[in-house]
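Subject: Handover of a structure

Dear colleague,

Please find below the structure that I am handing over to you. My notes on what was found in it follow.

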Amino acid sequence: MPVPTNALGESPGASLFPSVARRGAAVGEQGRTEAGEEGTSVLFPPRPPSSLSLLLSFLVAWVLLSATGCSRGPDADLTVLNGPDPGSLDPLLVSGIEELRAVLPLFEGLARPDPVTSQAIPALATRWDVSADRRRYTFHLRTNAVWSTGGPITSVDVLYSWRRVLEPTNACQYATLLDPVRGATDFLTGKTKDFASVGIRAPDAATFEVELEHPCAWFLDLCAFQTLAVVPRAAIERHGDRWVMLHPPFSGPYELESWRLNDRIRLRRNERHWDAANTPSRIVDLLAVSSPATALNLYLDHRIDVILDKPLIPAELLPEMAKRPDYHTFPMLGSYFVRLNVTRPALADPRVRRALALTVDKRRLVHRIASACEPADHIVPTATTNYLRGPGQTLDPVQARRLMTEAGFPGGKGFPKLVYLCDSSGGGGARLHERVAVELQAAWRQELGIEVEIRQVEKQVYLRAQRTLDYDLSRSSWIGDYNDPDTFLNLFTSVNGNNRTGWKDARYDALLEAASREPDMARRAVLLRDAETMLVRDAVPVIPLWFEAGFTLHDPARVEGVHGNVLDLHPFNAMRRTAAGRR
Amino acid sequence: MYFLRRILFFVPLLLVISMLSFGLLRLAPGGPFDRERAPASAEIERQLRARYHLDEPVPVQYVRWLGDALRGDLGLSLKYRNHSVADIILQGLPVSLALGLLGFGFAIGVGVPVGFFTAMRSGGWADWGGSFLVLVGICVPGFVVGPLLVMVFALELRWFPAALWGSPMQAVLPMVALGLYFAGRVARLMREGMAQTLRSEFIRTARAKGLGEPAILMRHAFRLAVMPVVSYSGPMLADLLTGSFVVESIFQIPGIGVFIVDSSRSRDYPLVIGLVLLYAVLLLVLNLAVDLAYGLLDPRVEHE
């Protein structure tokens with residue numbers, strides 16, 4: 001096996017062997033000395049080999065230690081705590097924010113997110129033309145785009161990468177992002193096997209055309225989205241599932257040098273990338289630290305330049321941390337909310353659901369639990385573009401009690417006990433969910449006389465229960481994929497697999513459908529506003545609690561190019577240590 | 001013959017272990033592909049399950065897995081989908097072995113002398129002080145010792161790095177955090193063994209013969225007194241090699257311990273089975289090795 005060509009781990013360097021050999025010799029000598037002693041002392045039994053075994057265990061440990069660490073190579077130019085290990089670095093398979101951030105430097109699409117604003121800016125395509133009806137996009141690819149191994153990147157590669165996402169057998173979780181593309185849904189769901197029916201073309205090597213079903217306000221965001229990044233066909237077909245680990249060609253500003261789970265992902269600058277001159281850090285390490293205390297220790301010890309992962313700050317320390325000058329927060333597209341299972345008889349009545357929402361004092365809750373965040377009466381975060389805000393949820397316990405009485409439960413009498421489901425995921429998350437649950441429990445008992453039992457379960461159990469509607473109330477959150485209200489409102493259509501409330505309303509579906517067909521942005525915003533009002537004020541299958549705040553822990557004097565943006569993406573190709581940051 | 005029989009017995013044992021863990025795991029609620037983001041459609045979810053053969057009946061899945069495993073293929077991790085189970089084990093196992101052996105060395109290297117000398121100074125202040133420290137070592141769990149060590153030696157004194165793995169300096173604190181409890185156990189065993197031995201007849205005989213005290217202690221007493229430590233060292237090594245989860249997560253060490261907990265939590269079926277089998281083999285082999293060592297050290301033990 002060609003060991004050096006494998007990114008999985010490093011073999012011990014040749015320089016290790018002399019030290020091992022020397023150690024081995026030392027043990028050998030000692031062993032002989034002892035044997036000699038034994039030979040001379042006939043009267044006495046040989047000494048137990050405990051000192052020998054002790055030495056041996058240290059020796060073997062030493063060899064293993066050398067083999068498992070010392071050959072890591074030079075220190076990184078930038079060390080980022082990105083979050084837990086990604087499940088994958090294949091753009092097809094990623095979905096979590098830490099995965100998206102890790103894939104971003106490796107594979108690039110037609111566009112890429114601006115490090116400051118996270119808006120789509122030219123990447124593989126230098127420019128694009130949009131037809132008058134905004135249904136046809138023509139991308140002009142740059143001529144100097146090459147893979148990390150050489151070889152030009154052409155529109156054929158783009159076509160392959162987009163098709164790979166839509167191929168039903170690839171089971172891409174994010175495939176529905178391409179719904180706006182003509183014929184994409186039919187191909188994805190297997191209604192047609194003819195890829196020619198999908199509105200994607202590569203007329204020549206430098207041109208890529210996309211035809212949409214109807215104008216799509218966030219289409220360029222999609223072109224910058226990691227799922228649609230360009231991937232190397234030959235390597236994928238040759239190596240199968242493990243391709244990304246086996247030094248394939250990369251299209252982004254970085255190559256994957258090595259990835260050891262639970263340790264680090266090491267990125268090395270792709271010197272052939274068209275923008276290599278503006279990529280300051282040559283080696284970037286993404287550490288996978290799972291313990292918040294360890295993460296903070298490493299940061300305070302200057303072993304980590306930037307922490308991007310919020311649950312990795314111990315929840316107890318957050319108020320303290322918030323006072324530090326190197327703690328930065330910014331608005332991002334994320335909502336923390338409660339799902340209500342409307343298929344439960346107790347929650348089938350919208351009056352009951354509204355009563356539950358009317359008794360939650362979100363300002364108090366946020367102040368006590370998530371002070372960096374913004375209290376939410378809506379599901380679409382304030383920072384979203386193309387967004388018009390309408391009436392939302394309010395705090396009105398008097399009306400809530402009246403609604404409960406109307407629904408037949410005056411003072412909560414006769415109302416069954418509800419179960420509030422949350423997960424015990426790692427980091428500070430579990431503690432946060434628990435505190436939210438306790439606050440809600442108290443509010444509902446006090447204001448409505450309703451008993452709520454808190455059930456905290458393993459993450460996989462929680463997710464399964466939510467999907468199969470095996471819960472009453474459940475904590476939830478959602479991070480926007482693109483900067484448009486659609487990424488939040490679309491969740492609650494009757495066909496969306498992420499609805500998970502059992503709530504269906506044909507009028508809501510119709511409003512979103514009309515919005516997606518509406519070419520006039522102002523009129524579209526009104527349609528979406530009406531849909532949101534219906535969702536949060538009238539039907540209430542969800543109770544939004546707050547809009548998430550993004551966060552970074554970094555000292556601008558030591559590292560620059562770290563920006564907060566609404567998609568919480570922080571491209572590493574923009575970051576660099578300053579002179580003060582270099583130890 | 002005895003050992004051949006023991007080794008042959010491994011086969012049905014491992015089969016039963018794999019079958020049980022395979023079945024039990026699938027009884028647990030939730031699956032590997034339950035994510036915040038649901039698959040785009042029911043059809044895509046079906047494709048996803050079919051791709052990893054999760055749509056087949058469990059016995060069929062087991063037979064398929066067994067066939068692959070016999071050919072040395074433990075399959076792909078379902079959580080880390082670019083990594084095979086073998087990759088993960090090969091990456092993490094050497095690290096955990098190194099850590100475990102360092103802990104073992106520390107436990108023996110500290111425990112045996114401490115036990116030895118406290119026994120010799122029985123009743124004196126050295127005995128009291130040593131025994132108290134030993135008791136502290138046994139009673140304070142690793143998740144307290146680890147952070148304390150980091151606080152004092154990494155953040156305050158800055159003698160050692162706070163976490164991560166790769167250099168000998170980084171291995172010191174984890175070694176102590178992992179080995180301290182075991183050093184305490186070893187010291188107690190050693191002290192008791194020594195105290196008992198020193199009271200026995202043959203020591204009196206040796207003294208009557210006029211042998212010097214060092215010879216008595218080192219040659220006669222020590223050899224017998226260390227037997228409990230030897231018999232404990234097998235299970236201890238097994239505990240050290242398999243029980244490094246807490247220390248690994250405190251010091252962010254890329255060993256295998258974290259995966260034991262994490263893989264079952266994320267319902268990563270192939271990885272769980274792979275690790276369960278790995279640990280089963282490890283324990284079986286270590287037990288066998290202890291029995292073997294016993295026979296070598298004590299001629300009275302016969303393997304029949």
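**Chain B**

Read from the N terminus, the elements of chain B follow the order α-α-α-α-α-α-α-α-α-α-α-α-α. In total, chain B has 13 helices and zero strands. Here helices (H or I, at least four residues) and strands (E, at least two) are DSSP runs, numbered from the N terminus.

Before going further, please note that this is a predicted model, in which local features need pLDDT of at least 70, side-chain atom pairs count only at pLDDT 80 or more, and totals for chains, interfaces and linings use all residues. Residues are numbered from 1 along each chain as its sequence is written, while chains are lettered from A and ligands numbered from 1 in the order in which they are written.

The C-alpha trace of chain B spans about 85 × 55 × 30 Å along its principal axes. Its radius of gyration is 24 Å, whereas a compact globule of 304 residues would have a value near 19 Å. That radius is taken over C-alpha atoms, and the globule rule is 2.2 Å times the number of residues to the power 0.38. Of the 304 residues in chain B, 44% are buried. A residue is called buried if 20 or more other C-beta atoms lie within 10 Å of its own, exposed if 12 or fewer, and partly exposed in between, with C-beta atoms placed from the backbone.

Among contacts in chain B between residues at least 6 apart in sequence, 73% join residues at least 24 apart. Two residues are in contact if their C-beta atoms, placed from the backbone, lie within 7 Å.

The mean pLDDT of chain B is 86, and 97% of the residues score at least 70; pLDDT is the predictor's confidence in each residue, from 0 to 100. Among the elements of chain B, helix α9 (residues 213-225) has the lowest mean pLDDT (80), and α3(B) has the highest (92). Where pLDDT is low, the predicted coordinates should not be read in detail.

One residue of chain B deserves a remark. B:His53 has a positive phi, near 60°, although the residue is not a glycine. B:His53 is found in the loop between α2 (42-51) and α3 (58-70) of chain B. Is B:His53 buried or exposed? B:His53 counts as exposed, because the number of C-beta neighbours inside 10 Å is 12.

**Chain A**

Chain A contains 17 helices and 21 strands. Of its 583 residues, 49% count as buried. For contacts in chain A with a separation of 6 or more, 68% come from residues 24 or more positions apart.

An open sheet of four strands in chain A has the order β4-β5-β9-β8, with antiparallel pairing. Two strands pair if DSSP finds at least two bridges between them. The edges are formed by β4 (125-130) and β8 (200-204) of chain A; each has a single partner strand, so one side of each is left without a neighbour in the sheet. From one strand to the next, the twist averages 20°. Axes are lines fitted to C-alpha atoms, for helices over the stretch in contact, and angles run from 0 to 180 degrees between N-to-C directions.

Strand β8(A) is joined by three bridges to the antiparallel strand β9 (residues 207-211) of chain A. A:Ile200 has A:Val210 in β9(A) as its bridge partner. Helix α4 (residues 155-166) of chain A packs on the sheet and touches β5 (136-141), β8 and β9 of chain A. The direction of α4(A) makes about 165° with that of β8(A).

A:Val198 lies in the loop between α5 (184-188) and β8 of chain A. A:Val198 is buried, because 23 other C-beta atoms lie within 10 Å. Leaving aside residues up to four places away in sequence, A:Val198 touches several residues, including A:Leu166, A:Val181 and A:Phe187.

A:His302 has a positive phi of about 60° although it is not a glycine. A:His302 sits in the loop between α8 (292-300) and β13 (306-307) of chain A, and is exposed, with 12 other C-beta atoms within 10 Å.

**Where the chains meet**

The contact takes 60 residues from chain A and 62 residues from chain B. On the side of chain A that touches chain B, the elements giving two or more residues are α2 (50-68), α8 and α14 (459-467) of chain A. Helix α2(A) gives the most to that side, with ten residues. The predictor gives the complex an ipTM of 0.84 and a pTM of 0.85.

With kind regards
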